[in-house]
Amino acid sequence: MLDVSGLNVSYSGIRALQDVSLTVGQGEIFALIGPNGAGKSTLLNTLSGIVPAQAGQATFEGQNLLGMPAHRIARAGLIQVPEGRQVIAPLTVRENLELGRIASSGRGGSELDHVHDLFPVLAERRNQLAGSLSGGQQQMLAIGRALMGAPRILVLDEPSLGLAPVIVREVFDALLRLNREGLTILLIEQNAKLALETARHAAILEQGRVVMRGVAADLAHDPLVVDHYLGRAEDPV
Ligand SMILES: Nc1ncnc2c1ncn2[C@@H]1O[C@H](COP(=O)(O)OP(=O)(O)O)[C@@H](O)[C@H]1O
Ligand SMILES: [Mg+2]
């Protein structure tokens, strides 16, 4: 469904991604894991048409993404939930959701009902300003806004960041439900344990390069992964 191969991206000569290749299959959750500064957001922003690539290919359902303007990529159905949520603080919950509809290009229909069903708190607080929501509610709003665009693949940048474990569980249960309903998800995470538990396939990015890839459950038992990503801090999630 999404194929990336040999992708190179630099910021004014400084290499952020080097020869990155990965494939996200229809209907799966694919996790891209890596430490701070590895290039995870750069990959997402390249796929979304925000950051240009110097070399390589990225195709989504047969369409070449590189060089395509961001709004057309969103209309094609690749929709991102950006790092740090980026909800529009002075607009209401409902207004933020309506903004997300712009990307849908007529594909949409009953997204609002679906979003309210997934996150009832967004219905309860429809007239509240987004800036006054808790971090977890803002993350739900950011996901809801993306869903309003009727995505064919949802790309999330560190959705667990800064959230309490119980809220993280709620957000990830919602992602699992969306996936059971058929949505393809590319999940970018620093929380390797959580991501490997959630995804079917995964890749690990370090300093702009994919250093490991495979079935998520296998990676979770790989001694190198355990040593570098799972072994240290006690992870309450
Ligand atoms: N707009 C930018 N200009 C210059 N360098 C950047 C920019 N964005 C990111 N970088 C650099 O690219 C590398 C990868 O960053 P990023 O993709 O944000 O990593 P991650 O999301 O994995 O934390 C880092 O070294 C970062 O400093
Ligand atoms: Mg990032």
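Some housekeeping. This is a predicted model, where local features need pLDDT of at least 70 and side-chain atom pairs count only at pLDDT 80 or more, while totals for chains, interfaces and linings use all residues. Residues are numbered from 1 along each chain as its sequence is written, chains are lettered from A and ligands numbered from 1 in the order in which they are written, and side-chain values use heavy atoms, with hydrogens and water left out.

Back to the helices. Helices (H or I, at least four residues) and strands (E, at least two) are DSSP runs, numbered from the N terminus. Axes are lines fitted to C-alpha atoms, for helices over the stretch in contact, and angles run from 0 to 180 degrees between N-to-C directions.

H3 packs with helix H6, residues 135-148, at about 40°, and the axes are 6 Å apart. On the H3 side we have Val93, Asn96, Leu97, Glu98 and Gly100; they meet Leu141, Gly144, Arg145 and Met148 of H6. Contact means heavy atoms within 4.5 Å. By class, that contact has 4 nonpolar, 3 polar and 2 charged residues. Here Ala, Val, Leu, Ile, Met, Phe, Trp, Tyr, Cys and Pro count as nonpolar, Asp, Glu, Lys and Arg as charged, and the others, Gly among them, as polar.

H3, residues 93-100, also meets H4, residues 111-118; their axes come within 11 Å and cross at roughly 130°. That makes H3 oblique to H4; angles under 35 degrees count as roughly parallel, over 145 as roughly antiparallel, 65 to 115 as roughly perpendicular and the rest as oblique. Arg94, Leu97 and Glu98 of H3 touch Leu112, Val115 and His116 of H4.

H4 in turn meets helix H7, residues 165-180, with axes that come within 11 Å and cross at roughly 135°. H4 and H7 are therefore oblique to each other. His114, Asp117 and Leu118 of H4 make the contact with Ala174, Arg177 and Leu178 of H7.

Now the ligand. The residues surrounding ligand 1, each with a heavy atom within 4 Å of it, include Tyr11, Pro35, Lys40, Ser41 and Thr42. A side-chain N or O atom of Lys40 is 2.8 Å from an oxygen atom of ligand 1. For Ser41, a backbone N or O atom lies 2.8 Å from a ligand 1 oxygen. A polar side-chain atom of Thr42 lies 2.5 Å from an oxygen atom of ligand 1.

Last, Gln80, in strand E6, residues 78-81. Beyond its neighbours within four places in sequence, Gln80 is in contact with residues including Leu44, Ile50 and Val155.

Terms used
Polar contact = N/O pair within 3.5 Å; in protein donor to acceptor, adjacent residues only side chain to side chain.
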